[in-house]
Amino acid sequence: MLEHLAALIVVVPLVAAPLIVLVRSRRFAWIATTAASYLSLLFSVQLFWRVATLGPVSYAIGSWAPPWGIEYRVDALSSFVLVAVSLTASFVAPYAQRSIAREVARDRQYLMYAMYCLCLSGLLGIAITGDAFNLFVFLEISSLASYVLVALGPRRQSLMAAYQYMLMGTVGATFYVIGVGLLYLMTGTLNLADMAQRLPGVPDVRPVLVALAFITVGIGLKLALFPLHQWLPNAYAYAPSMATAFLAATATKVSVYVLLRFYFGVFDPARLFEHLPTREVFVALSLAAMVAASLVAVFEQDVKRLFAYSSVAQIGYITLGIGVDNQASLTGSIVHLLNHGVTKGAIFLLLGGVALRAGAAAVRLETLAGLGRRMPLTALGLALAGLSLVGVPGTAGFITKWYLVVGALERGWWWVVAAILASSLIALAYVWRVLEAAYLRPPAASAARGEAPAPMLAAGMAMTALCVYFGFETSFSAGGAADAAALLLRGLR
Amino acid sequence: MSLAACLIIPAAGAALIAACGRRPNVREAISLASAAATFALAVLFTPEVLRGERPRAVLGEMLPGLELVLELEPLGLLFALIASGLWFVSAVYSIGYMRGNREENQTRFYACFALAIGSALGVALAGNLLTLYLFYEALTLITWPLVTHHGDDDARRGGRTYLALLLGSSILFLLPALAITWWQAGTLDFRPGGILAGRVSGWEASGLLALYVFGIGKAALMPIHRWLPAAMVAPTPVSALLHAVAVVKAGVFAVLKVVIYVFGLEFARESFAWLPWVAGLTIVAASVVALRSDNLKRRLAYSTVSQLSYVVLAAAILTPLSVAGAALHIAAHAVGKITLFFAAGAIYTAAHKTEVSELDGIGRRMPWTLAAFGVGALSMIGLPPAAGFVSKWFIVSGALEAGQWLALGVITVSTLLNAGYFLPILYRAFFKASQGAGHGEAPATMVAALVATAALTVLMFFFADLPLALARSLR
């Protein structure tokens with residue numbers, strides 16, 4: 001049983017999805033979803049522990065030995081991502097029942113659960129597979145499922161947002177597969193580790209460079225790397241609440257993982273960072289995201305869109321760490337996969353509760369008026385998670401910022417330090433607007449009082465508590481990220 | 001008995017206060033009890049610290065090599081004694097003020113108040129820069145609901161300036177200062193003699209010092225002082241305890257800690273050359289603004305800005321004598337300024353007057369309040385028999401020893417300016433013809449509190465031994 005963990009973690013949610021469609025009972029759908037989510041958390045924690053104590057795990061699907069068969073490979077980086085994804089899932093699943101019941105038409109609710117399970121399975125699969133084409137398959141599974149999740153949203157614009165997301169996502173996936181095709185052409189293998197070994201022997205570098213470009217742009221689209229982020233604000237704003245929370249916390253993060261895997265595990269990082277302008281490109285795009293997207297957020301009236309733009313900026317922090325490219329900055333990047341996931345997950349879960357109580361699909365700043373009185377716990381949670389976005393000490397966001405600042409200092413890049421701090425200041429401005437609305441504006445006379453239903457509130461507050469927890473106790477978060485960063489710099493090859 | 005109790009008691013007090021919101025008498029009793037317990041705890045630690053021991057408690061490890069740690073040293077103990085002792089007095093005062101003015105949201109007020117003092121104690125007890133930074137930011141955030149207590153447009157504007165300047169300065173300057181210190185020194189601990197000696201060159205130290213003193217916005221060095229007058233929209237007990245004692249003292253306290261334990265008095269004297277100028281400019285400019293403001297609380301706020309820079313100036317002189325003076329001035333200014341604010345709040349509660357020009361003859365109707373105000377004013381000017389004289393004496397001695405003529409000049413000018421904006425108030429109150437009548441003293445708890453702090457101001461002149469002993473055992 002134990003040696004099959006690596007396969008089970010993907011198979012369980014993958015099997016849950018068709019079962020849900022077959023049974024078509026809303027109750028069963030929710031139970032199966034929750035069970036699959038918790039099982040995946042259990043499996044990934046076990047895998048994380050095994051990797052931490054015994055070293056990387058390799059699993060040959062169907063007993064076909066790599067590099068001929070598909071290899072599932074779990075190392076410090078992928079096990080960290082697995083835990084981050086399944087941790088989010090374990091908060092979203094209990095939340096889903098009440099939220100979906102309110103936001104999605106009755107006859108489509110089972111679809112929502114099924115798509116969520118598929119998406120979860122795909123995301124976990126991306127993190128666990130060691131095969132470039134299998135990775136593409138999982139990328140498409142998770143992406144197609146997330147298009148449907150967005151399309152099932154309660155607002156008229158949801159369909160348009162899903163369409164936009166699908167167009168951009170498909171371009172991204174196609175670019176990725178073109179890149180992988182070129183690599184296959186040059187190396188004759190699809191196994192990532194094998195590919196890395198054969199690449200230095202490839203006589204003609206040009207197709208490899210083209211592959212690098214296609215993969216960078218393709219995955220850049222998926223992870224919403226500025227300026228390829230156009231799909232993200234609409235998709236987040238118009239999706240159902242639970243889908244927004246889940247996608248915001250996981251989907252883009254897993255795409256970052258793919259990028260890390262290719263940059264440090266397939267291509268030669270020394271060549272990539274020394275001979276190509278990779279550093280310059282990533283630092284420039286990241287800084288642009290951190291400043292420009294934050295500024296857009298400051299002037300946004302729709303709260304879900306406000307935090308969606310904040311996500312684009314926060315993804316900038318993650319890619320900035322890749323551009324700075326040293327132990328401290330990569331630790332910052334990787335730990336932010338978790339820290340930002342927890343923070344944004346908490347915010348969108350809590351906003352779902354606000355939307356439900358307001359009885360409106362859209363949460364605007366006016367909707368938040370008087371929230372401190374009407375829904376004191378929700379308001380407190382939003383405040384704490386908001387402070388984590390700013391990076392106030394005692395929250396998860398501070399840990400990330402500390403590593404990124406130290407990393408930039410070690411490179412002697414003062415202007416990057418200044419940009420990180422300026423971006424936090426802009427984050428303070430948009431979080432401030434939310435806090436001011438919640439605490440200093442009188443509630444509208446018609447506004448409903450009372451917190452969100454208990455399971456939704458509990459999930460949101462628990463995730464907020466994690467934001468604070470990871471601000472103080474970092475042996476798992478920063479410790480795991482530091483191990484993964486050390487692994488990247490040693491070379492996954 | 002652990003140091004952590006100093007933080008747990010206020011936090012637990014806040015939780016109980018929130019739970020007892022429906023029964024005001026129980027709520028206020030809890031507020032008084034937790035203040036008394038915190039103060040008693042700080043007193044219990046005093047003999048230990050005077051013996052030279054440094055109680056220490058590790059709360060956890062935040063990042064590899066960076067612990068959350070509490071450590072009690074003389075300066076921190078002095079600050080903790082002042083903050084917790086005056087918390088008790090102002091808890092008594094608040095009861096009269098909040099009820100007398102029929103303020104809303106009193107439960108939130110008392111709970112945030114307790115948490116704010118807890119954060120200030122966290123700053124006082126912080127054993128390294130990271131812990132100090134954590135509680136420093138917590139103090140900013142937890143006092144925001146107190147500043148915006150009234151929830152109107154003024155409060156919103158004031159709160160915006162408050163948060164933007166305090167959080168902005170700490171994010172933009174203090175955080176990189178910490179990161180640079182960590183990067184260069186490999187530690188953020190407070191060590192006698194400093195941690196930066198030999199690690200950074202002269203001009204780098206100068207820049208780092210700038211990041212620190214402007215990053216610690218709570219020290220209100222110009223131009224990062226605007227948050228303090230903005231915070232005056234808060235109810236008066238908040239202005240009195242937090243914006244004359246806990247918050248602003250957390251600022252100058254942090255500056256002192258950085259100067260003594262991060263830079264060290266011996267290291268990089270030349271890199272401090274510019275600091276006396278900025279502090280001196282702040283002292284004089286803020287006094288001039290105070291001279292020109294008619295609003296009593298605003299005048300007091302600018303007086304605070306100016307007095308805080310005395311502490312920074314004294315620290316910048318870098319002699320043991322002047323550093324002792326700086327520590328003493330934290331205590332002396334605290335008791336004096338809280339008396340002045342208490343008096344201003346009493347005048348507002350009893351007579352609903354906020355402007356200096358409205359105070360003609362009020363001394364005859366509120367003799368206790370204005371007498372106490374007089375004592376506080378004497379302390380600000382630095383005349384005997386008030387505590388302000390003692391601390392100024394030490395600062396001046398230190399300046400003479402170091403040959404800091406600039407500091408001497410600044411102190412002389414500012415003493416004249418202080419007299420210029422405090423004495424006319426007393427003249428108006430006691431010697432001008434009365435306008436309007438129909439009120440006496442404020443509620444008894446308020447008068448009792450302000451008389452008590454005035455008495456403390458005088459006592460600290462005659463019995464300066466304890467604060468002096470603590471200040472002397474620094475380094």
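Student: Which side chain meets that of E53(B) in a salt bridge, and at what N to O distance?

Tutor: This is a predicted model, in which local features need pLDDT of at least 70, side-chain atom pairs count only at pLDDT 80 or more, and totals for chains, interfaces and linings use all residues; side-chain values use heavy atoms, with hydrogens and water left out. Residues are numbered from 1 along each chain as its sequence is written, while chains are lettered from A and ligands numbered from 1 in the order in which they are written. A salt bridge is a side-chain nitrogen of Lys or Arg within 4 Å of a carboxyl oxygen of Asp or Glu. For E53(B), the partner and N to O distance are R51(B) and 3.3 Å.

Student: Is R51(B) buried or exposed?

Tutor: Buried means under 20% relative accessible area, exposed over 50%, and partly exposed in between (1.4 Å probe, protein chains only). E53(B), at 35%, is partly exposed. R51(B) has a relative accessibility of 58%, so R51(B) counts as exposed.

Student: How many residues apart are E71(B) and R56(B)?

Tutor: Their side chains meet in a salt bridge at 3.3 Å, N to O. E71(B) lies in strand β2 (residues 66-71) and R56(B) in strand β1 (residues 56-63) of chain B, where strands are DSSP runs of E of at least two residues and helices are runs of H or I of at least four, numbered from the N terminus. The pair links distant parts of the chain, and the separation in residues is 15.

Student: What is the relative accessible area of D302(A)?

Tutor: The side chain of D302(A) forms a salt bridge with that of R155(A), at 3.6 Å from N to O. R155(A) sits in the loop between α5 (132-151) and α6 (157-187), and D302(A) in the loop between α12 (278-298) and α13 (303-324), 147 residues apart. R155(A) has 17% relative accessibility and so counts as buried. D302(A) is also buried, because its relative accessible area is 5%.

Student: What is the radius of gyration of chain A?

Tutor: Chain A has 20 helices and two strands. For its 493 residues the globule rule gives 23 Å, and the value for chain A is close to that, so chain A is as compact as a globular protein of that length. The rule is 2.2 Å times the number of residues to the power 0.38, and the radius is taken over C-alpha atoms. The radius of gyration of chain A is 21 Å.

Student: How many salt bridges are found over all chains?

Tutor: In chain A, E274(A), R279(A), D325(A) and R411(A) are linked in a network of salt bridges. A search of the whole structure, over all chains, gives a total of 19.
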